[in-house]
Amino acid sequence: MTISLKDNERVDELQRNGYRIIQNPEKFCFGMDAVLLTGFARARQEDRLLDLGTGTGIIPLLMEAKYHCAHLTGLEIQPESADMAARSVELNGLTDKIDIVTGDIKEADNIFQSASFDCITCNPPYMIGRHGIVNPDAPKAVARHELLCTFEDVAAQTGKLLKPGGHFFLVHRPFRLAEIMTTLVRFQLEPKRMQLVYPYVDKEPNMVLIEAVRGGRSRMTVEKPLIVYREPGVYMPEIYEIYGY
């Protein structure tokens, strides 16, 4: 299928089911964190999945390729990113499986029915407000900094939209781990599984992957560490497998 591209846009291969994605490197391109999240997440073919802050739609595309969920929805507040995501869905012939909705995470419970999703995924902004240098390019700033929503907003909406027993998968930064855990529990999202991601075996972790269950019992499994690089430019075998190489 041929889809028209706008200025500075390109089409990238996803190495999964022949799927492709439209991106604009001048604005924002998906990173490894989104890919690792889909490698960590789990879903069933009968599940209905929601991705909060979907950006250009990378997570719904990869989750459909991996799990063939019954239906997937991406919610994105930035119209330009949502437009790219919708065109990527059309490019891959998935308009009957994936919906892209333009809207605010903080108002998600007004957009979707309560307790209507089996799985929710989120690769939220990591930095608190203007913590660190806010990129002057707005789409990147919104994606990386809590300018339009906080993690509390994400957890609150997830608690409303997940079915009882539904699963929430997120990727975040370890320096906020204590806040993340207490916030999840406050909204009845019990942490059940966690994996720390290290750039190299001798470095500190720079990502954390978490699975929580709405209304779950208090017991969490910590999985073995995920190491990204064997040496500069060379991934560990697990990373190649997640990327589909």
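**Helix α3**

I looked at what follows α3 and found glycine 93, whose phi is positive, near 65 degrees. I note here that this is a predicted model. I then checked the helix itself. α3 covers residues 79-91, which makes 13 residues. From its first C-alpha to its last it reaches 18 Å, close to the 18 Å expected at 1.5 Å a residue.

Next I listed the buried residues of α3. They are Ser81, Ala82, Met84, Ala85, Arg87, Ser88, Val89 and Leu91. What covers them? The cover includes strands β1 (10-13), β2 (20-23), β4 (71-76) and β5 (98-102), along with helix α2.

**Arginine 87**

I followed one residue of that list further. Arginine 87 is buried, with a relative accessible area of 9%. I looked for its salt-bridge partner and found glutamate 9, with the closest N and O atoms 2.7 Å apart. Is glutamate 9 buried or exposed? Glutamate 9 is buried, with a relative accessible area of 11%.

**Helix α2**

Helix α2 runs over residues 58-67, and nine of its ten residues are buried, so it is largely enclosed by the rest of the structure. I wrote down the buried ones: Ile58, Ile59, Pro60, Leu61, Leu62, Met63, Glu64, Ala65 and Tyr67. After α2 comes histidine 68, whose phi is positive, near 50 degrees.

**Other salt bridges**

I counted salt bridges over the structure and got 16. I picked out a few.

Glutamate 223 pairs with arginine 193, the closest N and O atoms being 2.8 Å apart. This pair also links distant parts of the chain, 30 residues apart: glutamate 223 is in the loop between β10 (221-222) and β11 (226-227), and arginine 193 is in strand β8 (residues 189-198). Glutamate 223 is partly exposed at 24% relative accessibility, whereas arginine 193 is buried at 7%.

Arginine 44 forms a salt bridge with glutamate 46, with the closest N and O atoms 3.7 Å apart. Arginine 44 counts as partly exposed, at 46% relative accessibility. Arg44, Glu46, Asp47, Asp118 and Lys163 are joined in a network of salt bridges.

**Proline 164**

I placed proline 164 in strand β7 (residues 162-172). Proline 164 is exposed, with a relative accessible area of 67%. I looked for its contacts, leaving aside neighbours within four places in sequence, and found Ala115 and Arg214. I also took a C-alpha separation: proline 164 and valine 213 are 8.0 Å apart, though 49 residues separate them along the chain.

**Cysteines**

How many disulfides does the structure hold? I found zero. Cysteine 122 is in no disulfide, and the nearest cysteine sulfur, that of cysteine 149, is 7.0 Å away. The cut-off I used is within 2.5 Å between the sulfur atoms.

I finished with burial. Cysteine 122 is buried, with a relative accessible area of 1%. Cysteine 149 counts as buried too, at 10% relative accessibility.

Technical notes: Residues are numbered from 1 along each chain as its sequence is written. This is a predicted model: local features need pLDDT of at least 70, side-chain atom pairs count only at pLDDT 80 or more; totals for chains, interfaces and linings use all residues. Side-chain values use heavy atoms; hydrogens and water are left out. Buried means under 20% relative accessible area, exposed over 50%, partly exposed in between (1.4 Å probe, protein chains only). Helices (H or I, at least four residues) and strands (E, at least two) are DSSP runs, numbered from the N terminus. The expected span of a helix is 1.5 Å times one less than its number of residues. Contact means heavy atoms within 4.5 Å. A salt bridge is a side-chain nitrogen of Lys or Arg within 4 Å of a carboxyl oxygen of Asp or Glu.
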